[in-house]
Amino acid sequence: EFVKATLSESTERSVTRRAIAVLWIKAQLSVVLMSCIAAPWDMVLANFYFELATSGLMITVTTAICIFFFGSHGIAKMNESKK
């Protein structure tokens, strides 16, 4: 039912929005990984990457993307439970 209800979300705009969201999440995780990789050799660089990954902008946008993705599933579950 969820797939049928969101079938119209396959427009070019929706696909592009999802692709950008996935790229953002990959970038966020990459910066965290870079922090872990740099830590044994250069703590200053690792700290820079960590501060970048946990900056207000990165956390806010990542949280918004997670809410966007998982919120739709939550709303669908709430609608099912009301029926």
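**Note on the α2–α3 packing and its surroundings**

1. Let me start with the helix pair: from α2, Gln 28, Val 31, Val 32, Met 34, Ser 35 and Ala 38 meet Leu 45, Ala 46, Tyr 49, Phe 50, Leu 52 and Ala 53 of α3. Contact here means heavy atoms within 4.5 Å. By type, the residues of this contact are ten nonpolar, two polar and no charged. In that count Ala, Val, Leu, Ile, Met, Phe, Trp, Tyr, Cys and Pro are nonpolar, Asp, Glu, Lys and Arg are charged, and the others, Gly among them, are polar.

2. Before going on, please keep in mind that this is a predicted model, in which local features need pLDDT of at least 70 and side-chain atom pairs count only at pLDDT 80 or more, while totals for chains, interfaces and linings use all residues. Residues are numbered from 1 along each chain as its sequence is written, and side-chain values use heavy atoms, with hydrogens and water left out.

3. Now the overall layout. The chain has four helices and zero strands, in the order α-α-α-α from the N terminus. Helices (H or I, at least four residues) and strands (E, at least two) are DSSP runs, numbered from the N terminus. Of the 83 residues, 16% are buried; buried means under 20% relative accessible area, exposed over 50%, and partly exposed in between (1.4 Å probe, protein chains only). Among contacts with a separation of 6 or more, 53% join residues 24 or more positions apart.

4. Back to the pair, for its geometry. The α2 and α3 axes come within 8 Å and cross at roughly 160°, which means that α2 is roughly antiparallel to α3. Axes are lines fitted to C-alpha atoms, for helices over the stretch in contact, with angles from 0 to 180 degrees between N-to-C directions. Angles under 35 degrees count as roughly parallel, over 145 as roughly antiparallel, 65 to 115 as roughly perpendicular and the rest as oblique. The crossing is left-handed, that is, the near helix is turned anticlockwise from the far one by less than a right angle (clockwise would be right-handed).

5. The largest nonpolar core consists of five residues, Val 31, Ala 38, Ala 46, Tyr 49 and Ala 53. Both α2 (12–38) and α3 (43–53) give two or more residues to this core, and α3 has the largest share, with three. A nonpolar core is a set of buried Ala, Val, Leu, Ile, Met, Phe, Trp, Tyr and Cys residues joined through side-chain atoms within 4.5 Å. Beyond four places in sequence, Tyr 49 touches Val 31, Met 34, Ser 35 and Ala 38.

6. Ser 35, in α2, is buried at 11% relative accessible area, and its contacts beyond four places in sequence are Ala 46, Tyr 49 and Phe 50. Phe 50 sits in α3 and is partly exposed, at 47%.

7. Finally, Thr 62 belongs to α4 (residues 56–82) and counts as buried, because its relative accessibility is 15%. Outside four places in sequence, Thr 62 contacts Trp 24, Ile 25 and Gln 28. Thr 62 and Trp 24 are 38 residues apart in sequence, yet 7.4 Å apart from C-alpha to C-alpha.
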